Amino acid sequence: MRKKISVCMATYNGEKYIKEQLDSILSQLEENDEVIVSDDHSTDKTLDIVKGLNDSRIKFFLNKNKNGLTYNFENAIKQAEGDYIFLSDQDDVWLPNKIALSLKGLEDNDVVVTNCMLTDSDLNIINNSYFKFNNSKKGFLKNFYKSSYLGCCTGFRKELLSDILPFPANLYLYHDWWIGYIADMKYKVQFIETPCLLYRRHNDSVSPTGDKSKQSLFKRFRNRFQLLYLANLRLLKLK
């Protein structure tokens, strides 16, 4: 039996797409693996759908308070018991090669980021390569300016947990930026060019990652320097 996988999913009012996403994930997992679902007090049928799958590998956690996207993901990651941890949005679809290619990459790397295809709400392909669309690649300087790290495409070894958790309070930017900064500064990263995911973009998307920023130039640089400062403190174990 291979090492245990934990897939961490943050949910909020995801009833429209979540079953399709969970089906695409569970079909690639083994009996010993787990899917951690952390819910941020959904008001729709998300919980009923998740429980209705009746799969013992799914572990459901409800936040004590409404935490927002970043800290909802933090709650999911805190529950993970696997040797390899994958992040998942509630509305995408994993292609059948996602786990196999990621595990191959993790044999010699600490973090992998798989490519994905951008789609509309009905999974019609808009762009065949997010990497080309975003000029995605590893490297701190590149990702300081514009992050290549999509949480939904990221998998990593559990050894990162000691550096990424807990997430800093009041992060201006998202969890995937935080993980990416830590990864580029300390760990061995591989970007896998093969698309392994259908990255669904629609009006109800919780995460704006991949969309054009509407923030001012000042706020964008403020956010990046805050993240740089916090990442250095964390790696020095001062915060």
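Predicted model: local features only at pLDDT ≥ 70, side-chain atom pairs only at ≥ 80, totals over all residues.
User: Where is Asp39, and is Asp39 buried or exposed?

Analyst: Asp39 is placed in strand S2. Burial is read from relative accessible area, with under 20% taken as buried. Asp39 has a relative accessible area of 4% and is therefore buried.

User: Which residues does Asp39 touch, once neighbours within four places in sequence are left aside?

Analyst: Its contacts are Thr11, Tyr12, Thr46, Phe60, Phe61, Leu62, Asn63 and Asn72. For one of these, Phe60, there is also a C-alpha distance: Asp39 and Phe60 are 21 residues apart along the chain, and their C-alpha atoms are separated by 7.6 Å.

User: What is the setting of Thr11?

Analyst: Thr11 belongs to strand S1, which covers residues 5-11. Its relative accessibility is 1%, so Thr11 counts as buried. Beyond its neighbours within four places in sequence, Thr11 contacts Ile18, Val37, Ser38, Asp39, Asp40, Ser42, Thr46, Asn72 and Gln90.

User: Asn72 is in that list. Where is Asn72, and what does Asn72 touch?

Analyst: Asn72 sits in helix H3, residues 69-79. With 3% relative accessibility, Asn72 counts as buried. Not counting residues up to four places away in sequence, Asn72 touches Ala10, Thr11, Ser38, Asp39, Asp40, Asn63 and Asn67. Both Thr11 and Asp39 are in that set.

User: Now a whole helix. Which residues of helix H1 are buried?

Analyst: For a helix, list its buried residues, then ask what they pack against. Helix H1 spans residues 18-26, and its buried residues are Ile18, Gln21, Leu22, Ser24, Ile25 and Leu26. These pack against strand S1, strand S2 (34-39), helix H2 (46-52), strand S3 (58-62), strand S4 (84-88) and strand S5 (93-94).

User: At what angle do helix H8 and helix H9 cross?

Analyst: The axes of H8 (residues 175-186) and H9 (residues 217-235) come within 10 Å and cross at roughly 55°. That angle makes H8 oblique to H9. The crossing of H8 past H9 is right-handed.

User: Which residues make the contact between H8 and H9?

Analyst: H8 contributes Trp177, Trp178, Tyr181, Ile182, Met185 and Lys186. From H9 come Arg224, Leu227, Leu228, Leu230, Ala231, Asn232, Arg234 and Leu235. Sorted by class, the contact has 10 nonpolar, one polar and three charged residues.

User: Is Leu217 buried or exposed?

Analyst: Leu217 is in helix H9. The cut-off for exposed is over 50%. Leu217 has 53% relative accessibility and so counts as exposed. Its C-alpha atom is separated by 14 Å from that of Leu173, 44 residues apart along the chain.

User: Turning to the backbone, which residues are joined by a cis peptide bond?

Analyst: Here one reads the omega angle. The cis bond joins Leu165 and Pro166, with omega about -10°. Pro166 lies in the loop between helix H7 (161-164) and H8.

User: What is phi of Asn54, and what is phi of Leu123?

Analyst: Phi of Asn54 is near 50°, a positive value in a residue other than glycine. Asn54 is in the loop between H2 and S3, and its 70% relative accessibility is why Asn54 counts as exposed. Phi of Leu123 is near 70°, again positive in a residue other than glycine. Leu123 is located in the loop between strand S6 (111-119) and strand S7 (125-127).

User: Strand S6 also holds Cys116. What does Cys116 touch?

Analyst: Cys116 is buried, with a relative accessible area of 0%. Not counting residues up to four places away in sequence, Cys116 touches Asn128, Ser129, Tyr130, Leu150, Cys153, Pro195, Cys196, Leu197 and Tyr199. The C-alpha atoms of Cys116 and Gly151, 35 residues apart along the chain, are separated by 12 Å.

Technical notes:
Residues numbered from 1 in each chain as written. Heavy atoms only, no water. Axes fitted to C-alpha atoms, helices over the stretch in contact; angles between N-to-C directions. Helix = DSSP H or I, 4+ residues; strand = E, 2+ residues; numbered from the N terminus. Parallel < 35°, antiparallel > 145°, perpendicular 65-115°, else oblique. Left-handed = near helix turned anticlockwise from the far one by under 90°. Contact = heavy atoms within 4.5 Å. Nonpolar A, V, L, I, M, F, W, Y, C, P; charged D, E, K, R; others polar. Buried < 20%, exposed > 50% of the residue type's maximum accessible area, 1.4 Å probe, protein only.
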